[in-house]
Amino acid sequence: MIIIGEKINGSIPVVADAIAARDAEFIKNRARMQAEAGATYIDCCASVPEETEAETLKWMIDCIQEATDLPISVDSPSAKVLAEVIPYCKRPGLVNSVSGEGDKMDVIFPLIADTKWEVICLLSDDTGIPKSAEDRLKVFDKVMEKAKDYGISPSRMHIDPLVEMLCTSEDGIAMNVEVISTVRERYPSIHITAAVSNISFNLPVRKMINLGFTVLAMNAGLDSAILDPTNRDMMGVIYATEALLGEDEYCMEYISAYREGIFGPRK
């Protein structure tokens, strides 16, 4: 599983405070913590007004790169901001994100076309978030056509089906499962990602919903997730599910992760 560490995000109050105070050590510590816990990418999201966002992200990127060599997931709703800050990353990472909205793909795709950068693609467009699996898959088809035009291979794309709150859903995660499994069937080499915790908003004991969703989504084809890698229960469930799905030969990754202390009793 590709783990996109979510703990450096200005929407988290303690992170917002650290950004406002330019507390570099706080940001560095959060980067190190996630790297040591098994993250693949460190997500970097400022959540500040757009007029100061690029400057803030550059500072945050510098802090993260001083703390770890892991690639960065550069996170902003603004394609213009993403285009400005991508060059400040020392190595190719993950663009978070584009969608079918406006000209986002036409801004970002040519910028990363001849690079090793990967990209998260949200299945929304100018009409908003489609309400049915069929309509989300129509957005997916448009995204793939555009990616093909720019020569971006499916293996560099992380498709986000847009997980919404379970408590307002009429059919549980059936729509997400349909989207995930269809995308996986059509493009075996593509990545499928999700912000796991979105599923449990406004529910008690959210971690139980998050854990259950992760297992079901991985069974449908999810292989990338935006989550807290320091959550040892979540990491254990991910390694266990990979083993159960036959994606971990002789359970070697599961055993290694346990021995390294990524999950299980603290050593």
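**Strand β2 and its cysteines**

Me: Which residue in β2 does Gly-5 stand opposite?
Reply: In this predicted model, strand β1 (residues 2-5) and β2 run parallel, with 2 bridges joining them. Gly-5 belongs to that pairing, and the β2 residue it stands opposite is Ile-42.

Me: How many of the 5 residues of β2 are buried?
Reply: Side chains in a regular strand alternate between the two sheet faces, so check each side. One side has Tyr-41, Asp-43 and Cys-45, the other Ile-42 and Cys-44, and all of them are buried. So strand β2 (residues 41-45) is largely enclosed by the rest of the structure, and the buried count is 5 of the 5.

Me: How many disulfides are there?
Reply: A disulfide needs two cysteine sulfurs within 2.5 Å. For Cys-45 the nearest cysteine sulfur, on Cys-44, is 7.8 Å away. Cys-89 also has Cys-44 as its nearest, at 7.7 Å. The count of disulfides is 0.

Me: Is Cys-89 buried or exposed?
Reply: Buried means under 20% relative accessibility. Cys-45, at 8%, counts as buried. Cys-89 has 10% relative accessibility, so Cys-89 counts as buried.

How values were computed. Residues are numbered from 1 along each chain as its sequence is written. This is a predicted model: local features need pLDDT of at least 70, side-chain atom pairs count only at pLDDT 80 or more; totals for chains, interfaces and linings use all residues. Side-chain values use heavy atoms; hydrogens and water are left out. Buried means under 20% relative accessible area, exposed over 50%, partly exposed in between (1.4 Å probe, protein chains only). Helices (H or I, at least four residues) and strands (E, at least two) are DSSP runs, numbered from the N terminus. Two strands pair if DSSP finds at least two bridges between them.
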